[in-house]
Each structure stands twice: as C-alpha cells, then as structure tokens.
Amino acid sequence: MRSDRDLKTVAARAGLLTRWRDAFGNERRVAPETLRAMLDVLNPDDLDALSKSMPPLIVADAMKPIFSVPAHFAKTKTARIELEFGEKRDCAVKQIAETKLQLDARMPVGYHSLELGTSRFTLAAAPPRCFGVLDAAQSNDALWGIAAQLYSLRRSHDLGYGDFTALAQFVGTAAEHGAAAVALSPVHAMFGANADSYSPYSPSHRAFLNVLYTDAQSLIGDAEFSRIVRGEKLVSDIARARRSTLIDWPRSSAIHRRIFDVVFKRFRSGEIAGAAEFADFQSRRGAELFGHACFEALDESSVAAKKPVAASSWTRTFANENRERIAFHQFMQWCASKGLMSAQSAARARGMPIGLIADLAVGVDPRGSECWSQPRNMLIGATIGAPPDALNAIGQNWGLTTFSPTSLCREGFAPFLSILRAAMRYAGGVRLDHVMSLMRLWMVPNGAQTAEGAYVQYPFADLVRLVALESWRHRCIVIGEDLGTVPGDCRARLSQAGILGLDVLPFMRDGKKFLAPKRWRAGAVAMTSTHDIAPVAGWWTSRDLDWRRRLHLFGEVGEHAERAERETAKLQFARAAQISARATSGRVVDAAIDLAAQSPSPLIVVPVEDLVVAREQPNLPGTVGEHPNWRRRYRMEAKRLLDSRNVARRLKRLARARKHAR
C-alpha cells in the first residue's frame, strides 16, 4: 500500500485534487481512502504510457501553435504539415520549454496532419473563440428565444407525448412570432427496453437520439398510420394516452414500439422507401452505431431474461442470430435523425438565425450503452455529484458517470468529440450541462457518502479549444450552464473562449436585492427560470415550497425560514420590477420578462412555462417518482401554443423590449 505522501503524488499526477475550497471558503483535505478509491477508478498506470508516446491528437491555438509533447520528442527541429484541405508545408520547430514545442507557421483553423520526426498525428488548430450569437444573427440585434420541454408538446395524432413532428410545428409558430431559437432539454438515447428510465439528464448514450421522439405518421402517411393503429388494436390506448395531463412513459413506449415493429417489417419488405439512404446512414455512423444497436438488442434480451446487460454477453454468435433486431435499432436511430433534422430545417426555413439549441448532458447512466460500449474510457466505479454547500448540507450524487480524463488524452479526445458533434449535428446552438465539468468534476466512489468525494481535473484548455473549433465548423453557438459552485477563474476563461454563461432571474441578486438588468452579464444568456426551479408564477405563489413540504424536502434551515426568505425575496423583486407586492401571477411574469429582456445579454430565453403562467416545474431536484418529473404536458397543441391572446401579447412585449436592449 502506498504511503500518504506517495498517494498524494500519484493523485496529483492523475488529476485528483487532494485539497479543495468549499462553498464557505474553508480549505478541505481529501481523505486517503477516497484517494485510493478514486485512483482505482482513474487507473493512473495509463499516465505512464501517455508520458512516453505521442497522443493521436494534439490541440493548439490556430495562429500560435504551441503544444506539449513527451520529453524525447522535444529535440525535433522540423515538421511537415498536411493541411485539412490538402496543402503541404514544411516548417521549423522551436523548443520553448522542456516538453513544449512551437511550430514556426501560421496554422489555419482545422484538423491537420502533422509529421514530427517519425511520428504522424492530428493537430487540431482551434480559433480563439466560439461561433457567437452575433455571428449567427449577422447583425447587432438582441435576440430572444423560447425553451420548451419536447415531450410536453401536443399535436393531433401524437402517442401521448411530444415528438419531433410536434417540435417542427412548434418551431414554425415560434418563428412566426419572431423567435431566434428554441431551446430543448437533452434528446439523447434512453433505454428502449426500460421506459421507467426517462429523465433526459440520465441517458444511455449521448451520441445517439431518443427514438421515442420519432413519428411513424411522418414516415408512412396518415392513411397507413391509421391502418397500423387499427390493425394493432391501439385506437383506445392512444386516445387514453392523449387525454392524460401526465405522460405514462411505459404505456406510451409500448404503443410506440408496437407501431414501429410493423413499420420496420414493411420497410425491410420494400413497402417503405429509403433503403439506400438507410444503408448510407449505417455506413456513416459505423461501428459506434452498430455497438449501440447491439446494446439495445442485448438489453431487450436481458430484460426478458431478468438479468443485467454485461459487456461479455456480446458475441459474434449473438450478433449473427439477432441481425434483424440490431438493424431495427439502427433503423430507429435513422428515423430519429431524420425527425430532428426536419425540425431544425423548419427553423432555418422560417428564418430563425439559431434554430434549435440542443442540450448535452454532463453524464450518463452507468448501466447504459455509452459505458457498456467503452468501459475503459469511462469512470466506472464512481458517480458525478456536488460537494456540500449552502443549499445542500450533505452534497449531491446524481448517479451518473462520464469520461476519464486520462482516456480522453489517450483516445485523442474522440469520445468527447463524438458526443459534441452529435449535439451540434442538428442544432444551431448547444447548452453544455454543468459546464464546469470541462475543468473539474466532483466524483464520489461507489459506496461512499457524497461528502467523501474528490475533484477530478480535466484538460480544460484543450476541451475548450475543441468546443470552439467544432462550434465554428457547425456554426453553432455554445452556452455553458454555470450555475452553482464555480471554480475561481472558470467563468472568465469560458467567457474569453466565447462560451456564454447562464443568468437566471431568481439568482441575479446582490445579497437580498435583485440586480438591475444592466448589471447582468453581456456574455451570458438571460433566462426567467429553468426546468429545475419553479416557473415565475410558481415561485411567486410558493408552489415549489408547497411541494417540498409535502415531500419532506426541507433541510436544516427549515420550512419556516425558507418561506420567510421567499416573502422577503418577493418584496425585493416587486421593488426591482416596480410592481405591487400583491400583483397577480400574470403581472409578475410580465415584469420578470421585462427585467430579463433589458439585460445586455445577446440572447434571452423564456420557458414556455413562464409564457403560459404555469406554476408547476418540469423537474423537482431530489425526487424521482414522488413528483411528476419530465411528465407534464402543455394544454394546447404545439402549432397554436403561442397564439393565445396573453402569450402572443407577452411575445410582442418581449420582442419590443429586446429592440431597445442594445
């Protein structure tokens, strides 16, 4: 067993912080047992191999390419570069530190091939910042958008929840009202065989899509869809699902699967066109798609056999015996990609400068496809969370995991690039959930208390450069969800790279007073609320506190103190917004939109929940089944949701305020 001194040395090399500062400013030390547990997860032996070989991809700034190399490469004097578009150059190499080299070349932005001595690898030359809102707008206009929960949308022939067709309809009406963007919660692949796992922030695989959002009707037409529904005797089941105000995910998932089983059989028989396009999709997405489809097929078998999926359960025999089922899951991904692409195409066709803003979850369910297909790249044995702070005395454990920082370097950042490109593929913007993960993550070893975790550091500079590079290649703005405890210089460095922060109205305070809009950040997206907090009307009426009382969720501060604080906050908001402390919920929502709209932010996003003056929030953190998380539906159909008199009036008011925001 290593001594404590050796343990700290190895931990530091592996990127583990042995000391950290908590939300109250106190320095904390990580216990030796935590370091040992996390080192088992991180596998520091990989560090030795990395230090002796060139990684497959090196990241540098485009116009001043300086990068780190193993020490024995630092003596190289010349290099040959083959630019992404074919031009070849020879250039001198200058050693500027023991393991740092600088190319004597003005490197254009892109992925280039670089020969250094006898080694050949990829050099990612990144721009200084991300593609921005002003780049998208091609003007100095202050833009606005709407946040919608995709599953909440309604349309006349849905299966009891929203889908990509409903999204395209909603995008159309949002564009007509002048919206520049529609922001979504994650649409990552979930568990096809387990519809009880439906939180969009606990996905199975972030490089693929949630196939439940596919719409058979858009593929096969109204008449054929009706024939399948009648033939499968699903008419009454679908009608019941549509009438419900809450989504029954298992029931609706079963309906969706029965319909698409029939659709796939007809597709394979040639009754439905698109075989060549599907084959091209299979080829382009390659082994990663095949692996995910195998997981889905295995998961179905495991659920039927009542045993968990194991990586060892995949064999060539299984693949050969289940070729059609694997093809079915590839087909579902193809259908999903067509649906999401259609929604973004509708946004652009209607003149939206940004269109869809996708959401990239910070982690994945450890039982899912992403971990199953690449266990060596993931932090298996630990989960993501947050240390104790003023809001949560015991900390948080989200039950998710993600990439190992060592594996990212070893694999040339391929796992990260895969999910980043997937998020940007059919969007004009991407929100990076818990963006601090680019710098560090609080990881809790399995079986440990949340407070017994440690911070794992990530190659921040390289990850940010890759985000900027992919942002320009996809012409995609980038928003970083930077709420909560943020490392000291993290926000400044993200802002310098053109990654927008997130300013949310209830948190925009100096002490008890609400900040004047002019004091909000110019480098952040402004929002009136988010999916994890009460909508404005729910906050004003303390609906969230009522839920917390019902579910016994008040912490050490206690209900009485929190309700007293809320009343004080409401008075402060009324003063800041110059409204009566007894104003109606509708008037308060108007005032909240007015405040946010006056901020210097290049983009304000207002959730549908605020536009319709809803009191219930989409998700109540700290709950699973006790609160109807991710199950609520909007009352009106997507194509008419924004056309009611009060909603249309709010949107006009918002558009008018944004014209005077700059």
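Me: Which residues does Thr 383 touch, not counting residues up to four places away in sequence?

Reply: The structure is a predicted model, where local features need pLDDT of at least 70 and side-chain atom pairs count only at pLDDT 80 or more, while totals for chains, interfaces and linings use all residues. Residues are numbered from 1 along each chain as its sequence is written, and side-chain values use heavy atoms, leaving out hydrogens and water. With contact meaning heavy atoms within 4.5 Å, Thr 383 touches Asn 397, Gly 399, Leu 400, Trp 442, Met 443, Val 444 and Asn 446.

Me: Is Thr 383 buried or exposed?

Reply: Thr 383 sits in strand 15 (residues 382–386); helices (H or I, at least four residues) and strands (E, at least two) are DSSP runs numbered from the N terminus. Buried means under 20% relative accessible area, exposed over 50%, and partly exposed in between, with a 1.4 Å probe and protein chains only. The relative accessible area of Thr 383 is 9%, so this residue is buried.

Me: How many salt bridges does a search of the whole structure find?

Reply: A salt bridge is a side-chain nitrogen of Lys or Arg within 4 Å of a carboxyl oxygen of Asp or Glu. Arg 257, Asp 261, Glu 300 and Arg 325 are linked in a network of such bridges. For the whole structure, the number of salt bridges found is 51.

Me: How many residues apart are Glu 82 and Arg 120?

Reply: Glu 82 and Arg 120 form a salt bridge whose closest N and O atoms are 3.3 Å apart. The pair links distant parts of the chain, from Glu 82 in strand 5 (residues 78–82) to Arg 120 in strand 9 (residues 119–126), and the separation is 38 residues.

Me: What is the relative accessibility of Glu 277?

Reply: Glu 277 forms a salt bridge with Lys 338, with 3.3 Å between the closest N and O atoms. The bridge joins helix 12 (residues 323–349), which holds Lys 338, to helix 10 (residues 275–305), which holds Glu 277. Lys 338 is partly exposed at 23%. Glu 277 also counts as partly exposed, and its relative accessibility is 39%.

Me: What is the relative accessible area of Asp 482?

Reply: Asp 482 forms a salt bridge with Arg 521, the closest N and O atoms being 2.9 Å apart. Both residues lie in loops, so the pair ties together parts that are 39 residues apart in sequence. Arg 521 is partly exposed at 27%. Asp 482 is buried, with a relative accessible area of 2%.

Me: How many charged residues are in the contact of helix 7 with helix 9?

Reply: Helix 7 (residues 222–231) and helix 9 (residues 249–268) pack at about 120° with axes 10 Å apart. Glu 224, Phe 225, Ile 228 and Val 229 of helix 7 meet Ile 259, Val 262, Val 263 and Arg 266 of helix 9. Ala, Val, Leu, Ile, Met, Phe, Trp, Tyr, Cys and Pro count as nonpolar, Asp, Glu, Lys and Arg as charged, and the others, Gly among them, as polar. The contact of helix 7 with helix 9 has 6 nonpolar residues and no polar ones, and the charged residues number 2.

Conventions: Axes are lines fitted to C-alpha atoms, for helices over the stretch in contact, and angles run from 0 to 180 degrees between N-to-C directions.
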